[in-house]
Amino acid sequence: MPDSTRSPYLGPHVVGQRVVVRRLVPGETGPTGGPAFTDVLGDCIAWDPCVVVTATGERVEIPLDLIVSGKPVPPRPSVRLRASVAECESHVAGLWSSVATTTVGAWQVRRSPGVARRRANSCLAVVDPGLPLAAAVDAVRAAYGDQPALLHVEVGSDLSTALRALGCTPAGGEADFLLAGASRALRAAGAAAAPAELTTSGSHASVSIGGACDAVAEGQATVDGDWLGIHDLLVDPAHRRRGLARSALAALLEWGVEQGASNAWLHVETGNVAAHALYASLGFAEHHRMEYLRA
């Protein structure tokens with residue numbers, strides 16, 4: 001009889017991970033005349049019994065005494081990881097309802113005096129503008145008038161190199177664009193460690209823990225098609241390392257999945273080690289890195 005103790009890589013700790021499980025098929029005979037076995041590949045969402053959801057959405061329940069072997073495997077790559085930088089970054093302006101956009105060729109000029117974020121007040125320049133580069137930069141300067149004219153570009157791209165050659169200078173703010181399957185991230189987030197209060201308005205949602213007026217953790221999210229953008233996740237320094245950020249994320253992810261989002265994304269500063277560790281534990285992977293240049 002199979003003995004799950006022979007599967008040292010499986011156990012309650014694999015819930016939320018992608019696994020391959022070899023199981024006995026009761027009542028069937030294998031090609032050599034012995035017991036029949038079959039493999040199940042998918043995301044483990046429960047243990048005892050082991051429940052695996054396959055890529056087709058089939059839910060397979062496996063009693064522990066039928067497990068022969070198994071182990072965690074790398075996450076199934078999201079189709080969104082193959083999306084272009086332009087497609088990924090095109091959802092940024094929708095994070096804030098007050099952002100107004102215009103164009104300079106194929107570039108997107110974003111302006112929102114009411115949002116103190118450079119992403120909301122910079123020109124997204126990740127593709128060829130479709131006009132001479134120097135002219136495009138001049139047009140961006142003119143579009144922002146007395147405001148600082150910032151270009152939001154992909155780190156290390158040919159366009160970034162060309163803009164620097166024209167005299168555009170680094171303005172800091174390097175951040176990674178992270179992407180994950182929304183449902184998988186929600187499963188990995190697990191049960192909330194603290195009650196979260198969710199407020200929604202159309203395609204936007206905000207979460208607070210500890211009361212809206214005196215929150216110890218809070219965050220925002222926006223659904224744009226099947227993309228869930230998470231931003232402004234903050235935890236009071238005096239209340240960190242208590243699972244509050246994970247609880248806030250769980251509430252936002254649950255809301256996003258309910259709205260039909262299949263993928264979740266966010267920006268995180270490259271030097272924020274703690275945030276990177278948290279997001280990696282939920283299955284977020286780096287898609288690309290962005291920076292700002294002064295036009």
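How closely do the axes of helix H5 and helix H6 come, and at roughly what angle do they cross? Select residues 244-258 for H5 and residues 273-281 for H6: their axes come within 11 Å and cross at roughly 45°, where axes are lines fitted to C-alpha atoms, for helices over the stretch in contact, and angles run from 0 to 180 degrees between N-to-C directions. That angle makes H5 oblique to H6, since angles under 35 degrees count as roughly parallel, over 145 as roughly antiparallel, 65 to 115 as roughly perpendicular and the rest as oblique.

Before going on, note that this is a predicted model, in which local features need pLDDT of at least 70, side-chain atom pairs count only at pLDDT 80 or more, and totals for chains, interfaces and linings use all residues. Residues are numbered from 1 along each chain as its sequence is written, and side-chain values use heavy atoms, with hydrogens and water left out. Helices (H or I, at least four residues) and strands (E, at least two) are DSSP runs, numbered from the N terminus.

Next, show the side chains of Ala245, Arg246 and Leu249 on H5 and of Leu278, Tyr279 and Ser281 on H6, which make the contact (heavy atoms within 4.5 Å).

On the H4 side, the contact is made by Ala182, Ser183, Ala185, Leu186, Ala188 and Ala189, and on the H5 side by Arg246, Ala250, Leu253, Glu254 and Val257. These residues divide into 8 nonpolar, 1 polar and 2 charged, with Ala, Val, Leu, Ile, Met, Phe, Trp, Tyr, Cys and Pro counted as nonpolar, Asp, Glu, Lys and Arg as charged, and the others, Gly among them, as polar.

Then turn to the lining of the largest pocket, to which strand E15 (227-235), H5, strand E16 (263-269) and H6 each supply at least two residues. E15 gives the largest share, 6 residues, and the lining as a whole divides into 15 nonpolar, 7 polar and 9 charged residues.

While E15 is selected, pick Asp232, which lies in that strand and has a positive phi of about 55° although it is not a glycine. Finally, centre on Pro49, in the loop between strand E2 (35-46) and strand E3 (50-53), where the peptide bond from Asp48 to Pro49 is cis, with omega near 0°. Most residues other than glycine have a negative phi, and most peptide bonds are trans.
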